[in-house]
Each structure stands twice: as structure tokens, then as C-alpha cells.
Amino acid sequence: HFTQLRDFAPLQGGKVVVSLVIGSSGIRQTCEAPLRKGIYQFSLNPVAAGTGEIYFDIYKSDTIYHIALAHIEVFENEHEAAHSIAPVHHPGNAILFTKEQSWKVNFRTAPVTEKNFGRVINAAGVISSAPQNKKLITASSSGVVTMMSSLVKGSELTKGDLLFRISGDKLSENNSAVRFIEAKNNFESAEAKLKRMQSLANNKIVSEQELLDAKKDFKNAAALYDNLRKNFIPEGMDLISPMTGYISELLISNGSYVESGTVLAVIKNNQDILLTADVSPEDSKQIQRLKSVYIKINNDGNYRSIDYILVSTGKAANTDNYLVPVTLKPEGNYELIPGEIVAVKFQTNSNSKSIVVPEEALIEEQGNYFIMVQRTPELFEKRLVKKGPSNGLETIILNGIKPGERIVTVGALMVKLSQSSGALDPHAGHAH
């Protein structure tokens, strides 16, 4: 049986050459194609007894894979071979799960390893827009508001879209048309005065201070006139969207009267978002040793790791819940929506190593946890373990397995379901 470890699928064709070498003698056989996916059949007749090696050379496309198996014992006859093999004792909870079965499901195994696994801090977080992603649309003059399109909360906008027009032509006070004419007249008057003062200053007729005052009056009039001229039309003042985004708040209705400075709408976009979670004051001290962050969205049962920038850790607890806010900026497209609540796991650094397995490797039965340990290529032991802290993706195992043992990391439940209620075949775990 040949399994590709990159995806634990059967070898999909290719020529395989097997060589048996004992001392200086050897034999070789070539199998051009598998009997069926992943399975090749060979028949070797050794020319000598003794300890040797078997080599498999797999020719796949333009690549050659070389596999060596050492300490292969070849006996003089079948009688000696039978008496040299010690009986195999399988544990009572052993499960036969053949290669053919594993190839039909999502299945993977991996050796148990130790690694640094720090403290896990659980919290609830809220997604919000970054401050720079929020703009207020404010009335620049008093008047009656006309919506220039069908605007509702959530409407998508492009930078430069015309949103509102404020008209004061029917108002006796704060009339925008009158204000524009006044600003234009003041600008033209200040401009003419400045030119006259400059001519007189050249002839030393006016003082330097009078010239400076004329320049100041001109700049003030020009600033006011330019501001009104950019958005003024005879029908009123136009307000446009300062950025691409969506309307998160619409604070007025069509035809409303507003004073200058009134906020008409709030525009946001989700290009930059923040995640704020509250932790206990004691846990907040560990945030500076933060290693990884995991989030779970919409209670879908799956945590995922995110890239992030730690923006800030609160210096004081909130008075309403006595917790300290921790703010992160997620780096990447995680399809997070402002206002959304997510479950968060903060994992800190640790100087000590622990046995860590994927969360999917664990099987729970009535409050107990088990792991499928691979005893032979096709034989698995259902092993009781003691579960430690988890970050949602990986879990510390306090006892029950040792580093170097190979366990099922994906598909453990499928192995369990294949468990037979009867006794195992004496040859279980061996391919024929």
C-alpha cells in the first residue's frame, strides 16, 4: 500500500521497482501499474537467507521517490520463519481500519510532538470600524435638506457621490444664496482694496501695517468665498460623499430644516476594523506576552487563527464591568462586520513545552476524552487521555500519550465508527 503523505490519498499510478538486497546478493522486480489505486503486488523469491534491506523506487511523472526498509529477515524455510515470529497481542480496544477505508475519507496521522503552549485567556470581543473609517456629513449652512438619491441606512456610496442639497432661498434668515452673494462681494471688495493699498505702499503713501491689514482682510474673504463657491449652485449648497463606504446612520429625513453644523449622516467603510475584548486585570498583564489570537464567528463551532497588530491595552478597568479593554487590528480579510460579537482566545508565550494535539484528534465520550493511536499501519488503539487547556485549535494532553507516538489527527471519529464488536482477526493490521 502506498499513501501520499501530503494528502493521505492513495498513490495514483506510476511505476514501482522493488529491490531485496542481502549482503552482496539481490533481486529486483518492476510493477508498471497498480492493481488498483494505491495497491501494488510483488512476488519476490530471495536467493539467500539473512538480514537485508528492501528498496522501493517510485517513478511518478518526472520525480523518483526512494523508500528504504532496513533489517528485513529472510529465513531458510517457512518452518523457521513461523517459529521466529513472536505472537502479537492486541489491546482489547484495538480497531482495524484498513488503508482502503482511510483513502475514502478525510484522514491524516502525525507523530506526537512537544511545543511551547502558553496560557489561554478566553474573552468576548466586539468588532468596530477604525476611527479613520468614519466620516460625518455636516450641514454647511442652514436650510431645507433635499436628498439627491434614495438614501437609506446601509446604502453603498462611492467617493464624490452627491448626497444632499441644502437650500435657503425661501428663508428670510441664513439664506445661502444671500450668503454667497455677500461673500462674493466681500471678496471682490477686499481684492480691489489690496491692489490699491499695494500701489499706495509702493509710493510710501500708506503704512506697512495698513498693507498687512488689507492682505489679512483679503485672505479671510477669499477663504470664505472659496468655501462657498465649491459647493454652491443657485439651487443651494451640495454635500458630497468624502469617501467610498456605506451609510451607517441617517439622522434626517427628506425636507427637514437644519441649522448650520447639524450632522446629517455618518459614513463608514470596513477597510480597517478593530477588535476590542475585555479581560480581567490579572489577565491584562499577560497580554504583553501575547503569541497568538483565535476567534470564533457566529458560534459556528470553529476557531481560526488571525494575524493582528496589538493596538492598545487599557491602563484602567471599566467602571461598569471592572474589566480591561484590549484592542487589536486584524490584518487580513476575515469578513468581519462592525457590531459583530466574536469569541476570542488569547494565547500567551510559555518557556515550558507540552504535548499538544489538534482539537480534531480528540473524541469525547460521556465526559472522557480519547485519542486514536496508530499501532500498525492498519491497527489503531483507542487511548484514554487527560485533556488540558485549549486554544480552540489545539489542546494540551496532560497524560495518556508520549512524544513520538503516531496518532490520528483528522478522521478519528471515522476510525471509532469502524470499531467491531467482535474479536479482531489474528492478522489484523497486516496487508495481504
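Which residue forms a salt bridge with Arg375? The partner is Glu381. Their closest N and O atoms lie 2.8 Å apart. The model behind this report is predicted.

## A salt-bridge network

Salt bridges that share partners join Arg375, Glu381, Arg383 and Glu405 into one network. The two residues of the opening pair sit in unlike surroundings. Arg375 is partly exposed, at 45% relative accessibility. Glu381 is buried, with a relative accessible area of 11%.

## Salt bridges around Lys329

The structure holds 11 salt bridges in total. One of them links Asp272 and Lys329, with 3.4 Å between the closest N and O atoms. Asp272 lies in the loop between E19 and E20, while Lys329 is in strand E24, so this pair ties together parts that are 57 residues apart in sequence. Asp272 is partly exposed, with a relative accessible area of 21%.

Lys329 also meets the side chain of Glu331 in a salt bridge. Here the N to O distance is 2.7 Å. Glu331 is partly exposed, at 33% relative accessible area.

The largest nonpolar core has 20 residues. Those with the most contacts inside this core are Leu275, Val293, Ile295, Leu328, Leu336, Val344 and Phe346. Five strands each supply at least two residues of the core: E10 (120-129), E20 (273-279), E21 (290-297), E24 (324-330) and E25 (341-348). Val293 shows how such contacts look in detail. Leaving out residues up to four places away in sequence, Val293 touches Arg304, Ser305, Ile306, Tyr308, Leu328, Val344, Lys345 and Phe346.

A second core is separate and has 17 residues. Its members include Ile137, Ala139, Leu157 and Ile166.

## An open sheet of four strands

Four strands build an open sheet in the order E11-E19-E17-E13. Their pairing is antiparallel. Strand E11 (134-138) and strand E13 (156-157) are the edge strands, and each pairs on one side only. In general, strands of a sheet pair through backbone hydrogen bonds.

Strand E17 covers residues 245-250 and strand E19 covers residues 263-268. These two strands pair over 4 bridges. Leu250 stands opposite Ala265 in E19.

## Strands E3, E5 and E6

Strand E5 (residues 50-60) has antiparallel pairing with strand E3 (residues 15-22), over 7 bridges. Val21 stands opposite Glu53 of E5. E5 also pairs with strand E6 (residues 63-74) in the antiparallel sense, over 10 bridges. The bridge partner of Phe56 is Ile67 in E6.

E5 and E6 form a hairpin with 2 residues between them. Ser61 sits in the turn and has a positive phi of about 55 degrees.

## Positive phi in two loops

Phe8 has a positive phi of about 55 degrees, although it is not a glycine. Phe8 lies in the loop between strand E1 (3-4) and strand E2 (9-10). This residue is buried, with a relative accessible area of 11%.

Glu335 has a positive phi too, near 55 degrees. Glu335 lies in the loop between E24 and E25. Is Glu335 buried or exposed? Glu335 counts as exposed, at 67% relative accessibility.

Ile355 is found in strand E26 (residues 353-358). Ile355 counts as buried because its relative accessibility is 11%, and buried means under 20%. The C-alpha atoms of Ile355 and Glu114 are separated by 4.4 Å. Along the chain, these two residues are 241 residues apart.

Glu114 is one of several contacts of Ile355.

## A nonpolar surface patch

Which residues make a nonpolar surface patch of about 220 Å²? Met148, Leu162 and Ile240 make this patch. Leu162 is found in strand E14 (residues 162-167). Leu162 is partly exposed, with a relative accessible area of 32%.

Note on methods: Residues are numbered from 1 along each chain as its sequence is written. This is a predicted model: local features need pLDDT of at least 70, side-chain atom pairs count only at pLDDT 80 or more; totals for chains, interfaces and linings use all residues. Side-chain values use heavy atoms; hydrogens and water are left out. Two strands pair if DSSP finds at least two bridges between them. A nonpolar core is a set of buried Ala, Val, Leu, Ile, Met, Phe, Trp, Tyr and Cys residues joined through side-chain atoms within 4.5 Å. Buried means under 20% relative accessible area, exposed over 50%, partly exposed in between (1.4 Å probe, protein chains only). Contact means heavy atoms within 4.5 Å. Patches are made of residues with over 30% relative accessible area and no salt bridge: like charges are joined within 9 Å, nonpolar side chains (Val, Leu, Ile, Met, Phe, Trp, Tyr) within 5 Å. Accessible areas come from the Shrake-Rupley method with a 1.4 Å probe; for residues, only the protein chains shown count as cover. A salt bridge is a side-chain nitrogen of Lys or Arg within 4 Å of a carboxyl oxygen of Asp or Glu.
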